[in-house]
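Please consult the sequence and the structure shown here while reading.

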Amino acid sequence: MALDPTTIRRIATLSRIRVEDDQLAPLAQELNGILGWIEQLNEVNVDGVEPLTGGAQMAMKMRDDVVTDGGYAEDILANAPDRNGAFFAVPKVVE
Amino acid sequence: MLTDLTIAQAQTGLRAKQFTAEELTEAHLRGIGTLNPRLNAFLTVTAEQAREQAKAADAAIAKGDIRPLTGIPLAIKDLFCTKGVRTTAASMILSPFVPPYESTVTANLLRDGAVFVGKTNLDEFAMGSSNMSSAFGPVENPWKRRQDQNAVLVPGGSSGGSAAAVSARLAMGATGTDTGGSIRQPASFCGLVGVKPSYGRCSRWGVVAFASSLDHPGPFARTVQDSAILLRSMASHDPKDSTSADRSVPDYEAACKRGVKGLRIGVPREYRVDGMPAEIEALWEQGVQWLRDAGAEIVDVSLPHTKYGLATYYIVAPAEASSNLARYDGVRFGQRQDGGDLTEMYSNTRAAGFGAEVRRRIMIGTYVLSAGYYDAYYLRAQKVRALILRDFHEAFQKVDALITPTTPSAAFAQGEKMDDPVQMYLNDLFTVGANLAGVPATSVPAGLDSNGLPLGLQIIGKPFDEETVFAVSAEIERAAGFTALPQIRAGA
């Protein structure tokens, strides 16, 4: 199924990536090229096959739900583009 | 030349006090100073830190406290978080990021006495097979075509800077990560040994995530023995990575000496693809013959879903990437671009911070996970992935390891294969299966093509049986007697 510019606009919005209008058509062409190539998977018979989520051939481990580490607020905030006291700062969300 | 020593030789020389760790580190830093402006293998050179670590190594040696990597200069792919040292993933969006913590793999190397000379270049977020997608410029492969010395070749990718650094003798070994071939393909292009261990063998904690179910940290080195020394140090069970394997780490160096007598080695017929260069086919035949001569039994095997590996990968990897890279929102770390409101700030930040290939993969991943398309793409790919794993399981009922070419071509020139993303993706044709199945695999330099460029053979093993993979790899290395050197290297 070929992607049209409207669908590309929707994917860009979901991806939170700004895409200029004049980029929609070239992007559609690139992504359609990749998706067209991926369509070959439709020829594989997957009836009754359980999906495989990962390469780890083992059961996931459980651990106690307790705090094991922390107390580094300053270290963590050191990389923040903007901060306000001990908080990350963002553009105003609620008026 | 100190820079021509293997890690094993340097260990011996340091212990015998033939030279100091400071001298060894200085020799590599000089090489970096001379060659890095041209090769662009390092994004950050940590010269002062390396000198301090080397001084500490000499003090430890004087006291008799010698660890497996004491005083050995290593390069670290700039995808591993290093405490207090900028870690960029070769992306503008992370360009100001200084991690307040150390990845488990690099912490293991430091525990064992290693010296870190710098952080190496890569394809942005490890997405690529040429190192051309780095936000900080491409890397030059230290090898040249015999007939065309002017062509600037790619080192492969994504771990292109690590491969170029070890090949050019700017470090004795390096860390890489391999999500679809990102250690083995550059190892093949640069005449090195590259190891992608089993999924879970090396912790992913502190490694910038691309596709979590496919990402594998592993080493680069110039010999199989050196790669075994590095892997033993890098590997560990790590409670901070829920997919880390709770298994003891064997003595891989000892496994290199086992030989292949009595082993059953499979040759997967589906890897004989149309259009494969005759010299790669011939090298593969030669590799099979070397193992037969050394006493292995050669068995024809089938991995019927091989041809679907890449398409499966290009659904699964972008899907996981779109989720992993959602964290780059300009709020907690990295670069921010302002916007009128929060959503616009996110969109502007991500448009400015991610390069074209990363944006493309995030969008593909978002699409295949979106409502209405999830079953058709993502779920189907996960089912094909299960069939690919089943292929390997069935083959390993009959054989102990597999031998294949690593790549369908030798190193190509910068600018080639850039017009069509799918052409670039085809580089990982032979390597991607081991990532989907989580099985260990190496690339070992085995010969040169008609241009004098290195070609690798790939050895694939059973889950967590790296020892057999090392045994077979060492036999290929012995038989190949690969001694060719890159034209661009420290001291040349």
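## Contact between chains A and B

The model is predicted. Chain A contributes 41 residues to the contact and chain B contributes 55 residues. On the side of chain A that touches chain B, the elements giving two or more residues are helix H1 (5-15), H2 and helix H3 (73-77) of chain A. H2(A) gives the most, with six residues. By class, this side of chain A has 26 nonpolar, eight polar and seven charged residues.

## Helix pair H2(A) and H10(B)

Helix H2 (residues 24-38) of chain A meets helix H10 (residues 309-324) of chain B; their axes come within 9 Å and cross at roughly 130°. The two helices are therefore oblique to each other. H2(A) supplies A:Ile34, A:Trp37 and A:Ile38, and H10(B) supplies B:Ala311, B:Tyr314 and B:Ile315. This contact has six nonpolar residues, with no polar and no charged ones.

## Sheet of chain B

In chain B, eleven strands form an open sheet of mixed pairing, ordered E1-E3-E2-E4-E6-E5-E10-E11-E9-E7-E8. Strand E1 (42-45) and strand E8 (297-301) each have a single partner strand, so one side of each lacks a neighbour in the sheet. The twist averages 30° from one strand to the next.

Strand E5 (residues 193-196) and strand E6 (residues 216-221) of chain B pair in the antiparallel sense over two bridges, and B:Gly194 stands opposite B:Phe220 in E6(B).

## Helices across the sheet

Helix H5 (residues 160-167) of chain B lies across several strands, including E1 and E6, and runs at about 155° to E4(B). Helix H16 (residues 466-480) of chain B lies across strands that include E5 and strand E11 (454-461), running at about 5° to E10(B).

Key: Residues numbered from 1 in each chain as written. Chains lettered and ligands numbered in written order. Predicted model: local features only at pLDDT ≥ 70, side-chain atom pairs only at ≥ 80, totals over all residues. Axes fitted to C-alpha atoms, helices over the stretch in contact; angles between N-to-C directions. Helix = DSSP H or I, 4+ residues; strand = E, 2+ residues; numbered from the N terminus. Parallel < 35°, antiparallel > 145°, perpendicular 65-115°, else oblique. Contact = placed C-beta atoms within 7 Å. Nonpolar A, V, L, I, M, F, W, Y, C, P; charged D, E, K, R; others polar. Pairing = 2+ DSSP bridges.
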